[in-house]
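Please consult the sequence and the structure shown here while reading.

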Amino acid sequence: MKKLLIMMLICAPFFAVAQEQEYKERFEQLGSMLPTPNSYRTASGAPGENYWQQKADYSIKVKLDEAANKITGSETITYYNQSPHPLNYLWLQLDQNMRAEGSDSELVGTATFFNDTIPGKYLEQYVANGGNSYDFPGGFNIESVKNADGDEMDYLVQKTMMKIRLPQTLKPGENISFSVEWNYFVNDRMKGGGRSGYEYFEEDGNALYTIAQFFPRMAVYNDVEGWQNKQFLGSGEFALTFGDYDVEITVPDDFIVGATGMVQNPKEVLTKDQAKRYEKALKSTEQTFIVTEEEAIENEKEKSSKYETWKFKAENVRDFGFAASRKFIWDGQMVELETTKPFAQSFYPKEGNPLWEEESTKAVKNTLVLYSERTFDYPYPQATSVHAASIGMEYPMICFNFGRPDKNGEYSVRTQLGMTYVIVHEIGHNFFPMIVNSDERQWAWMDEGLNSFLESNVMFEYYPDLPYSDNIPQAVTGYMKSSKDQQRPIMTNPEQVLRLGPNAYSKPAAALNLLRNTIMGPELFDESFKAYAQRWMFKHPTPADFFRTMEDASAVDLDWFWRGWFYTTDHVDVSVDEVKYFRIAQDESDMEKNTKAPEGDLGEKEEKEMKTDFSDGPAYISVSETPEFWYGEYRNKVDDEAIKARYADKHFYEVTLSNKGGLVTPLLFNLEYKDGSTEQKYIPAEIWRKNEGKTRKMLILDKEVSKIVFDPEGELADTDNSNNVFPKTESKTKLDEFKEKGE
């Protein structure tokens, strides 16, 4: 038997012999996969010294015709060319054209019948297959496009985009004003779905309107791709330009309106008592009712034939949305943040109570508080939650949310949970992408994923009693181990992904929870995440800006993490193949205890039969005198006997692991000792850097181990628990119990 040096145990990586290499560049820098840094966007992930972005101001007047369910509007847009480029034409978005007959949304749809019975409600959606009802006259009717002098301008409608051909070049530093008149019919969301539309209440004959994408909007022109003119097909949301809005909304005079911005004429559109309550609510940290349930019920009874105009102003927003109904109850309260005092408010019909008056504004407040702590103090004057059936959709300062009790007012924990987290999620979108203004049309995960991550943080912080278990590593294992032909990498355009929910929401959110809670630690992650948010608030970041900032602010090389989680469909499945147990022999009697002598140097040859438990006890390793040639040019020597004595009471465990899922990951072990105590060991992902398919780790411990469990609570999103435990016996981990409960 060849005697081995203790140094070979301690420094095992230096003595490992060549193994079959499974090198797939998982630890290579992203390099050319990211755009080259320049004076607009730096290598650190920060905006460069020459960063620029455009601006578009809007003056809008719209009228909601309740009888016809029709919007008629006019707008004046002032567009500022703050780029270094001369522009010969402008592009606007016409999102309502997704509902026009013959739209691409309808033509490219691939829905199919899964059985021989289909509810009538869904038949029209299946036939139209674009969110349309085929007898619905959807889409914008553009009445005119005129310049500041009132002259007709030359324009081209290209599906969901409109090109305005400028009579003369718009030079850098110049601006242009032009006006557009249009109208369109508002869709019934129950029949055709959609982010915007109305809900009809048969019992009282009233409607609740949630109106968005209701006006031609400027497309983004930026340094990354010029004009963002990708057509709107439905899944990819929006890329929009910041600006100031002055909006007048004309509705029946018994309607209550909530919108982006602050109402400018509350005394004109509210009763005297309501106006007083509104002024009080703006300054109160307690929930205050502006329109009570009793007033809303009374308001429902008769439909006024008169109209009045609500006026709103909003500064530095990228879009505008509003909700209107005579059914609205309205409550709100001021939220005290460190530097701002925004107004949290909710609009909801009686059908939302008692749940909405109990929970909605509270959820708005909780969201503003935690998101502000993690990013920047909410800078807008208000945040609004509006209740509407079967929807969760966001616009600056306003969002539309589901969650409705039964007709008798009772609701389950499931309903409360769904309503709460959708409000948190949609209010959270004010931060991503309404302020940190990523391109949703290209990168859904940059707003949905980051926002779902913070949503989970709010839910765990403020709602520990609700059974929320989304957007964490344990929740995405099923998706990540599913058939690869049913997945796409996170870095995929939302129109091309196969399962938008996991791809854009839960998987990136789980990745960020893993990054924060396990890999980086909360303090370092939060500081880096806040740096990204503050660098890019009111600007247009790209994925590279996020990736680079997180590394720049943390001094942690995360290219392996972005590459694996965001650019591949690999999953985590680490197998604990074998654990070998060693002690240091103190005399010949120890060596005689070996049931089988090691064959060759440690790591040189595998034993023919892999160990499955610790029943054989430890193999003993003899410490020999260090050969002279090991010292090289050094004149001093080590004390071999002292080294032997130092490790006499230590327990050495060589853990052999296989990466079966392909996604490189840190190692997280739970060690159960024979004395009943436990300990966790964390090893960075770089342990796979030289062989991404197989690795070994020597654990040098003070106590004897009875069991080693990899990823015991699913923190790393390991998809197969059956190969995580040594000794190889069936054992349920907390993650197993989690899955069995269906949580």
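A residue counts as buried when its relative accessible area is under 20%, as exposed when that area is over 50%, and as partly exposed in between. The model discussed here is predicted.

**Salt bridge Glu440–Arg318**
- Glu440 and Arg318 form a salt bridge in which the closest N and O atoms are 2.2 Å apart.
- This pair links distant parts of the chain, 122 residues apart: Glu440 lies in the loop between helix H10 (413–428) and helix H11 (445–462), and Arg318 in the loop between strand E17 (307–317) and E18.
- Arg318 has a relative accessibility of 1% and therefore counts as buried, since the cut-off for burial is under 20%.
- Glu440 is likewise buried, because its relative accessible area is 2%.

**Salt bridge Arg41–Asp223**
- In the salt bridge between Arg41 and Asp223, the closest N and O atoms are 2.9 Å apart.
- Arg41 sits in the loop between helix H2 (12–15) and strand E1 (55–65), whereas Asp223 sits in the loop between strand E11 (221–222) and strand E12 (226–227), so the pair ties together parts that are 182 residues apart in sequence.
- Arg41 and Asp223 are both buried.

- Glu300 pairs with Lys327 in a salt bridge, with 2.6 Å between the closest N and O atoms.
- Glu300 belongs to helix H8 (residues 293–300) and Lys327 to the loop between strand E18 (322–325) and strand E19 (329–334); the pair links distant parts of the chain, 27 residues apart.
- Both partners, Glu300 and Lys327, are buried.
- Through salt bridges that share partners, Asp204, Glu300, Lys327, Lys350 and Glu351 are joined into one network.

**Negative surface patch**
- A patch of negative charge on the surface gathers Glu143, Asp149, Asp151, Glu152 and Glu181.
- Glu143 is located in strand E4 (residues 141–147).
- The relative accessible area of Glu143 is 44%, so this residue is partly exposed, as that class lies between the 20% and 50% cut-offs.

**Helix H9**
- Helix H9 comprises 20 residues (residues 355–374), which at 1.5 Å a residue should span 28 Å; the end C-alpha atoms are 28 Å apart, in agreement with that expectation.
- H9 is mostly covered, with 15 of its 20 residues buried.

Terms used:
Residues numbered from 1 in each chain as written. Predicted model: local features only at pLDDT ≥ 70, side-chain atom pairs only at ≥ 80, totals over all residues. Heavy atoms only, no water. Helix = DSSP H or I, 4+ residues; strand = E, 2+ residues; numbered from the N terminus. Expected span 1.5 Å × (residues − 1). Buried < 20%, exposed > 50% of the residue type's maximum accessible area, 1.4 Å probe, protein only. Patch = residues over 30% accessible without salt bridge, like charges linked within 9 Å, V, L, I, M, F, W, Y side chains within 5 Å. Areas by Shrake-Rupley, 256 points an atom, 1.4 Å probe, with all protein chains shown as cover. Salt bridge = Lys/Arg side-chain N within 4 Å of Asp/Glu carboxyl O. Lys, Arg positive; Asp, Glu negative; His and termini not counted. Charge placed at Lys NZ, Arg CZ, Asp CG, Glu CD.
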